[in-house]
Amino acid sequence: MATTTKALKRLTGAFGIAVVALVPLTASAQERITIGTGSTGGVYYPLGGGMAEIFSKTIDGVSASAEVTGASIENSRRVGSGEMTLGIGNANTVYFAKNGEKPFRQAWPLEAVAALYPSTIQIIVRSDSGIETVADLEGKRVAVGPPGGSTRVMADAVFEGAGIDVQREYLDFTEATEALKDRNLDASVVLAAFPTPTVIDLATTADIKVLPLDEDVLTKTHEKYPYYIAGTIPAGTYDGQDGDVATLNIWNILFVNEATDDDLVYQMTKALFENIAELQAIHPAAKQIQPETAIETPIALSPGAERYYREAGALD
C-alpha cells in the first residue's frame with residue numbers, strides 16, 4: 001500500500017509531465033546520470049564534476065557527467081521535466097520551482113537530496129570606480145548573472161532593499177569579469193561560495209572592492225525574503241580585502257525529480273558523503289557539506305536521501 005500511495009503521489013505531483021513520472025529514473029534504465037551545474041567560472045560546475053566522478057566510480061552501471069547550464073532556474077526546469085537527473089540550485093529558486101511560484105509558470109516535481117553549502121552574494125567593483133556603497137550603484141551598469149540563474153533574483157531583492165535601480169547586464173561570472181577588466185561594466189554581482197574563482201582571477205589583474213551591505217539593506221531584504229540570511233566575507237578572502245564585508249547568504253540544494261528511483265538516490269547520497277574528501281580537494285565550499293546540515297532543505301527530502309541520513313544518525 002505504501003508503494004502504491006507513493007507512486008500515486010508522484011504521478012499527481014508531476015501532472016502535466018506524466019510521461020516522465022510514469023517511468024522511474026533508475027540507474028539501469030538510465031546508464032547515464034547528468035548533473036545540472038552553472039557556468040564554468042562558478043562553484044556549481046567543479047563540484048558537479050566532482051560528484052559525477054564519484055558516482056561513476058562508486059555506483060555500478062552508472063556513468064555520470066556534469067553539464068554547464070544557466071544554473072538554478074534552468075536546472076529546476078530540466079530536472080523537473082526529466083531532462084537531467086540531478087541539479088544544484090539556490091534554496092529560494094528550488095522552493096519556487098516546487099511550488100510553481102514566479103519565475104516558474106508551473107510546479108515542478110522536485111525532491112531534495114542535500115543542502116550543500118551557503119552561497120554568498122558578492123558585489124564586485126573596481127577600487128578606482130568611485131563606488132563605495134550599494135546606493136552608489138543607482139543607474140550603473142551591473143552584471144546580474146545569466147537569465148536562467150538565481151543571481152539575478154537575489155540581486156533584485158538586494159536592489160529592492162536598497163531602494164535603487166540599475167542597468168542590468170545578463171552576463172555570467174566569467175563574462176562579467178572580462179567586462180570589468182575592460183571597464184565595460186561598473187559592477188558584477190556574484191552569487192557563489194567564496195573564494196570564487198572568477199573574483200580571484202579579477203583580483204590578480206585589477207584592484208577590486210567588495211561592497212558591503214549596510215544594516216538597513218540587510219534587515220529590509222531579510223524581512224521580505226527570510227531565506228536570505230546575514231553572512232560575512234572574512235578579511236583577506238581576496239587580494240586587497242582588508243576588512244570583513246557584511247553580506248547575505250543562501251543555501252544551495254542538490255535535488256532530483258520525484259520520479260527518481262529511491263535506491264539510486266540512496267546510493268548517490270551515500271557515495272557523496274563517503275567520498276566527501278574528494279570534493280573538498282576540489283573546492284573549500286565542500287568542507288561545509290555535512291549530514292547534519294544537509295537535511296535543512298526548503299522542500300521535502302527524497303525517501304532515498306532520508307534513508308541515508310537515518311543510517312548516518314542525522315535524522316531520528
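Predicted model: local features only at pLDDT ≥ 70, side-chain atom pairs only at ≥ 80, totals over all residues.
Two strands count as paired if DSSP finds at least two bridges between them.

**Figure 1. Strand 4 and its pairing with strand 10.** Strand 4 spans residues 110-126. Its run to strand 10 is antiparallel, with 8 bridges joining the two. Strand 4 is mostly covered: 17 of its 17 residues are buried.

**Figure 2. Strand 4 with strands 7 and 8.** Strand 7 covers residues 187-192 and pairs with strand 4 over 5 bridges, in the antiparallel sense. Here Thr120 has Ala192 of strand 7 as its bridge partner. Strand 8, residues 208-210, also pairs with strand 4 in the antiparallel sense, over 3 bridges.

**Figure 3. Asn257 and its polar side-chain contacts.** Asn257 belongs to strand 10, residues 245-257. What does the side chain of Asn257 approach through its polar atoms? The backbone oxygen of Gly80 lies 3.0 Å from one polar atom of that side chain. The backbone nitrogen of Ala259 lies 2.8 Å from a polar atom of the Asn257 side chain. Asn257 counts as buried because its relative accessible area is 1%, and the cut-off for buried is under 20%.

**Figure 4. Helix 4, residues 44-58.** The helix has 15 residues. From first C-alpha to last, helix 4 reaches 21 Å, close to the 21 Å expected at 1.5 Å a residue. Which residues of helix 4 are buried? They are Tyr44, Leu47, Gly48, Gly50, Met51, Ala52, Ile54 and Phe55. An α-helix has 3.6 residues a turn, so residues three or four places apart point the same way. Tyr44, Leu47, Gly48 and Met51 are among the buried positions of helix 4.

Figure 5. Ala64 sits in strand 2, residues 63-67. With its neighbours within four places in sequence left aside, Ala64 is in contact with Ile33, Ala52, Phe55 and Ser56. The C-alpha atoms of Ala64 and Gly49 are separated by 8.7 Å, and these residues are 15 apart along the chain. Ala64 is classed as buried because its relative accessible area is 14%, below the 20% limit.

**Figure 6. Phe55 in the nonpolar core.** The largest nonpolar core has 101 residues. Those with the most contacts inside this core are Phe55, Leu137 and Tyr309. Strand 4 supplies the largest share of the core, 11 residues. Phe55 itself is a buried residue of helix 4. Beyond its neighbours within four places in sequence, Phe55 is in contact with Ile35, Val62, Ala64, Leu86, Met268, Ala271 and Leu272. In soluble globular proteins, nonpolar side chains tend to be buried together.

**Figure 7. The whole chain, for orientation.** The protein chain holds 14 helices and 10 strands. Of its 316 residues, 53% are buried. The chain exposes about 13,200 Å², and carbon and sulfur atoms supply 51% of that area. How much of the contact set with a separation of 6 or more comes from residues 24 or more positions apart? Such residues account for 74% of those contacts.

Methods. Residues numbered from 1 in each chain as written. Heavy atoms only, no water. Helix = DSSP H or I, 4+ residues; strand = E, 2+ residues; numbered from the N terminus. Expected span 1.5 Å × (residues − 1). Buried < 20%, exposed > 50% of the residue type's maximum accessible area, 1.4 Å probe, protein only. Polar contact = N/O pair within 3.5 Å; in protein donor to acceptor, adjacent residues only side chain to side chain. Contact = heavy atoms within 4.5 Å. Areas by Shrake-Rupley, 256 points an atom, 1.4 Å probe, with all protein chains shown as cover. Core = buried A, V, L, I, M, F, W, Y, C linked by side-chain atoms within 4.5 Å.
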